[in-house]
Amino acid sequence: MKILMQPIEMIAWFTLEGTPNPIRYKMTSADASNAVVKVDRILTRSEEKLAGNRMIIFRCQSELNGLLKLYELKYELSTCKWYLYKA
């Protein structure tokens, strides 16, 4: 099983306390094409430390090409960067 953590462009809204909520993201595939994915549902939200960096983990689901897909989005608090994480 190969694990990927790909940087992505994200549109999100933030609460007054600064908690991010993902709306949709754009990712570039290996053939240099772009795909925009709407986050249909956030199933869980948690926090973890990865190599000393605090990250908020969103377990989400979206419908892609008629199929329901589960995936994780990670938001790195120190750099304000978003990553698509999947196994």
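Colleague: Happy to look at this with you! How many helices and strands does the protein chain have?

Modeller: Do keep in mind that this is a predicted model. From the N terminus on, the elements run β-β-β-β-β-β-β. The count for the protein chain is therefore zero helices and seven strands.

Colleague: Thanks! What radius of gyration does the protein chain have, and what would a compact globule have?

Modeller: The C-alpha trace spans about 35 × 25 × 20 Å along its principal axes. With 87 residues, a compact globule would come near 12 Å, and the value for the protein chain agrees with that: 13 Å.

Colleague: On to electrostatics. How far apart are the mean positions of the positive and negative charges?

Modeller: The protein chain carries 13 positive and 9 negative charges.

Colleague: Which strands hold Glu-48 and Lys-74?

Modeller: A search of the whole structure finds four salt bridges. In one of them, the side chains of Glu-48 and Lys-74 meet at 3.1 Å, N to O. The pair ties together parts that are 26 residues apart in sequence, because Glu-48 lies in strand S4 (residues 41-50) and Lys-74 in strand S6 (residues 67-76).

Colleague: Nice. Is Lys-74 buried or exposed?

Modeller: Buried means under 20% relative accessible area. Lys-74 has a relative accessible area of 5%, which makes Lys-74 buried.

Colleague: And Lys-38, which forms a salt bridge with Asp-40: is Lys-38 buried or exposed?

Modeller: The closest N and O atoms of Lys-38 and Asp-40 are 3.7 Å apart. Asp-40, at 41% relative accessibility, counts as partly exposed. Lys-38 reaches 53%, so Lys-38 counts as exposed.

Definitions and conventions: Residues are numbered from 1 along each chain as its sequence is written. This is a predicted model: local features need pLDDT of at least 70, side-chain atom pairs count only at pLDDT 80 or more; totals for chains, interfaces and linings use all residues. Side-chain values use heavy atoms; hydrogens and water are left out. Helices (H or I, at least four residues) and strands (E, at least two) are DSSP runs, numbered from the N terminus. The radius of gyration is taken over C-alpha atoms; the globule rule is 2.2 Å times the number of residues to the power 0.38. Lys and Arg count as positive and Asp and Glu as negative; His and the chain ends are not counted. The place of a charge is taken as NZ of Lys, CZ of Arg, CG of Asp or CD of Glu. Buried means under 20% relative accessible area, exposed over 50%, partly exposed in between (1.4 Å probe, protein chains only).
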